[in-house]
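This briefing goes through one protein structure by topic. Please look over the sequence and the coordinates before reading the points below.

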Amino acid sequence: SKDNLAIEVKFGLDNTTDKGTIDGEPTCATPMINEVQGASGSNGNCHYEDWMTHPAFLAFDTPGFWVGKFETSSNGGKIQIKPSANSVGKITVGNAFKNSKAYQLDLQSHMMKNTEWGAVAYLTQSIYGRCDEEKCIEIAINGYNGLKTGYTNTTPYGGSNDQLASTTGNYSGIYDMSGGTWELMASVMLSNDETTKMYSSSGLNDDDFDDPRYFDVYSYHTDQTRWDRRILGDATGEVGPFVFNSIYISSMWGDSARFVDSTYPWFARGCSYDGNSIAGVFAFHRGNGSASTGGGYGFRIVLAVQ
């Protein structure tokens, strides 16, 4: 099991190169299709124990980004990010994408992508998150069935032990990364001809895809178990091995591990409030992009501040 192993993270301002080093250790170039898009399924020239600039920092050419502390909620139709608020739980990918971009245009706000979620997951599973030199602790689930933000199990933000649901174990961290709602990602599979995205029921069209910085794109397949199509760094395919135990789960805390396929081409992360053991920061799932009629799909906003 990998779930008790800390991921090593280094901070720096320079992108890694083919022949570079960090502290005398080898680096590799982040596998890319083009200047702004992670290469689905590719390792590039990266090998085990190489250091690599995480792809989440390359699309917007920024050394960091701001992540919504809680799942997105609304007040009178106005987007907000605050604790103990009703998560936006039934939304199409299209509406989530458009609302996210309109939130703070001057700060390049956008709907969270799989690679950005992966960067947060890595930090959570490190000494900067929920690990020390000896062990790691899984973040607690937001298990409140009323779909309110910031809960730890069924305890509201500000209540007893509410920091257990934080990615850092204290109030500076990010909440609702396990449970709450499944969070839709701006991350989609290509169609069979590998040239267009699978819009499905998302409410998006060609014009919405004119800027590739806002999407992670994955290669086509009909099989939800083809985890090798991951983008290196998105915390999906690289967190195996995977097993079937009534549902596909990964070696990272036994979290849900269902990859996008031809029927469900859009990614969702974190699991819903009733996910129990399969919920977690490494959980991934898929949907068709429509507004769910069940527990629902929410979303999270990211700012790429220059």
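The model is predicted. An open sheet of 3 strands has the order β4-β15-β7, with antiparallel pairing. Helix α2 is largely enclosed by the rest of the structure, because 10 of its 11 residues are buried.

- β7 is joined to β15 (residues 301-303) by 3 bridges, and the two strands run antiparallel. Within this pairing, H110 has V302 in β15 as its bridge partner.
- Helix α1 (residues 93-103) packs on the sheet and touches β7 and β15. The direction of α1 makes about 165° with that of β7.

**Strands β8, β12 and β13**

- β8 pairs with β12 over 3 bridges in the antiparallel sense. The bridge partner of E183 is R269 in β12.
- β12 also pairs with β13 (residues 284-287), again antiparallel, over 4 bridges. Here F267 has R286 in β13 as its bridge partner.
- In a regular strand, side chains alternate between the two faces of the sheet. Strand β12 (residues 266-269) is covered on both faces. W266 and A268 are buried on one side, and F267 and R269 are buried on the other.
- N276 counts as exposed because its relative accessible area of 59% is over 50%.

- β1 (residues 21-22) and β2 (residues 25-28) run antiparallel and are joined by 2 bridges. I22 stands opposite E25 in β2.
- These two strands, β1 and β2, form a hairpin with 2 residues between them. D23 in the turn has a positive phi of about 55°.
- β2 pairs with β3 (residues 51-52) in the parallel sense, over 2 bridges. T27 stands opposite W51 in β3.
- The loop between β2 and β3 holds E49. E49 is a residue other than glycine with a positive phi, near 75°. The relative accessibility of E49 is 58%, so this residue counts as exposed.

**Helix α2**

- Why is α2 described as largely enclosed by the rest of the structure? The reason is that 10 of the 11 residues of α2 are buried.
- The buried residues of α2 are N114, T115, E116, W117, G118, A119, V120, A121, Y122 and T124.
- The buried residues of α2 pack against strands β4, β7 and β15 as well as β8, β9 (216-218) and β12.

**Surface and exposed positions**

- E8 lies in the segment before β1. E8 is exposed, with a relative accessible area of 66%.
- How far apart are E8 and K98, C-alpha to C-alpha? E8 and K98 are 35 Å apart in space and 90 residues apart in sequence.

**A cis peptide bond**

- G240 and P241 are joined by a cis peptide bond, with omega about 10°. P241 lies in the loop between β9 and β10 (242-244).

Key. Residues are numbered from 1 along each chain as its sequence is written. This is a predicted model: local features need pLDDT of at least 70, side-chain atom pairs count only at pLDDT 80 or more; totals for chains, interfaces and linings use all residues. Side-chain values use heavy atoms; hydrogens and water are left out. Two strands pair if DSSP finds at least two bridges between them. Contact means heavy atoms within 4.5 Å. Axes are lines fitted to C-alpha atoms, for helices over the stretch in contact, and angles run from 0 to 180 degrees between N-to-C directions. Buried means under 20% relative accessible area, exposed over 50%, partly exposed in between (1.4 Å probe, protein chains only).
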